[in-house]
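The following paragraphs go through the domain arrangement of a protein and then its nonpolar cores.

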Amino acid sequence: MRWSQSFIPTLKESPADAEIASHKLLLRAGLVRKLSGGLYTFLPMGLRALRKIEGIIREEMDRAGATEVLMPALQPPDIWQQSGRYESARDVLFKVKDSVGREWVLGPTHEEVITHLAASEISSYRQMPRTFYQVQTKFRDEIRPRFGLMRAKEFIMKDAYSFDASDAGAMASYQKMYDAYTRIFARCGLKAFPVEADTGVIGGSHSHEFMVPAATGENDVAYGESDGYAANIEKATSAGPVLPTPSASTGPAPEKFPTPGVVTIDELAAPPHGVEPARQVKTLVYVADSQPVLVLLRGDDTLNEAKLMARLGATHARPATPDECSSWLGARPGSLGAVSGVPAKVVILADETLRRAMGMVTGANEDGFHLRHVDVERDIRVSRWLDLRTVKAGEASIRSGEPLRIRRAIEVGHVFKLGTKYSEKMNATFLAEDGQRRPCVMGCYGIGVTRTLQAVIEQCHDDNGISWPVSVAPFVVCITPLNAAPGGPTLSLAERLHDELAAAGIEAILDDRDERPGVKFKDSELVGFPLRVGIGEKSLAAGEVELKPRNGPMLKVPIDQALDRILAWVREHEAALNP
């Protein structure tokens, strides 16, 4: 490929709306162009890198025994209603109407479609295990698209779905996909690691996310440095805070005391009251599927809403309004508690850190008053004790007791063990070996293909531009004649090397532009080609060419050895990316 025949519109400056390094480089290196918020056109270099990633994914999916299909992006809403997700996923669903007013859904994912297919095609245990996958465009109504391809309204995903006759078989399929994902990200040159994860709106009983460490990531991950524990902050738990919940004599009963104007944890901690946050019981009121729920935490803890939603199993949950709190409990936020005045129908959920907590202070359900000497287990009707808090750095790992660390990361893949959530609702059943009909046991597995592309850039760049791994680079070699005059010796040698590399199966781009050497070098580094071959009149006179790895020192090699040295360098770096 000649540079002059491609379309690589590089930019010297970053567009003003690009927030993070990878987003800036996507635009500056001429990989994509923005159409509108969350919508991007892939240009030739970006598309080549994207196809490389798709190729790796397909190879590993096939290697794991999955079968490729292609499902419609346009889906009828009735299958979403059948699964129950028409309401639970309504915030991300794009809905369109056809010429006769019938509503359709633009698929954000394909659990419903594949389960519908399985319900009509899989009838016996002999047809399983079976895993289907596709590489397909998805649509999600992101309210605030940001970070380029990281959070877009339209994106490309590889999604796969497994069907098994037993739970043990489903776990075997899950492990195959887990292992395949490990290989995929390694081959893409990503340092990705799996973490325990919340199943979210997709549901299921077991899941892992594959994370790429990045300061600009949108996910927090809690992990042990040496014990192997790692979990998304939405799922992470710990052996508890470094300081245990304080204990004190409870006295004969809770005692009410005035706290006029005190409505926050910090205000109660300040003089004249001086109640440290760890001795306060924070009372939050939520509305879950139209029912009030009280959530109790230590005052120095933060509610993890993902954990709350998972524990409630509710379709929708939201914080109650001040007026709703007053109607149900007789007080407004800041004076709420669960010791008295709570209707019997109201569920009270308490975080595990409050077990055996004595000498606590909480709202009295009377504006301007609190209660002291509260023994949580004695004085509060707790419906369920749960892990509801967000873990903090420094808390003890549940695996080894070592202090947990927290870092930012980008999610690039997610594997779920769905169980029978969809197969039961959509009648995807089979005739088991014992003659009984049973629902298929399912798993689903997603990789954000476009997001993976940007994650590679986020992890593999420097001040000069992108530094592609050879496996996903648009071109592996950039041949740069410093004088591109037609018929001249530098261009002639460049053309010969280009053709010899093509014959050897190496993708090379020949920069035949009539530009200054500095411009060519800068563009080569910006776009990120792994190896640049420089051919100038001085080096030619010395019988040499210059090999410049993107992340390494310049190498001068004899012309007659250039092809072999290039091939050896490429093969070495390809081998390093194949687990």
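**Domains and cores**

In this predicted model, the centres of domain 1 and domain 2, taken over C-alpha atoms, are 37 Å apart. Domain 1 covers 20–237 + 406–458, domain 2 covers 255–386 and domain 3 covers 475–576, with bounds from an automatic or database domain assignment. Residues are numbered from 1 along each chain as its sequence is written, and side-chain values use heavy atoms, without hydrogens and water. Local features need pLDDT of at least 70 and side-chain atom pairs pLDDT 80 or more, while totals for chains, interfaces and linings use all residues.

About 510 Å² is buried between domain 1 and domain 2, and carbon and sulfur atoms give 48% of this area (accessible area, 1.4 Å probe, that two parts lose on being put together, summed over both). On the domain 1 side, Ser-88, Asp-198 and Glu-234 supply 55% of the area buried against domain 2, more than any other three residues. Between domain 1 and domain 2 there are zero salt bridges (a side-chain nitrogen of Lys or Arg within 4 Å of a carboxyl oxygen of Asp or Glu).

The largest nonpolar core has 60 residues, among which Leu-31, Met-61, Tyr-181, Ile-184, Phe-185, Trp-468 and Phe-529 touch the most other members. Such a core is a set of buried Ala, Val, Leu, Ile, Met, Phe, Trp, Tyr and Cys residues joined through side-chain atoms within 4.5 Å, where buried means under 20% relative accessible area (1.4 Å probe, protein chains only). Domain 1 and domain 3 both give residues to this core, so it lies between them. A second, separate core of 25 residues includes Val-281, Leu-296, Ala-350 and Leu-354.

Definitions and conventions
Buried means under 20% relative accessible area, exposed over 50%, partly exposed in between (1.4 Å probe, protein chains only).
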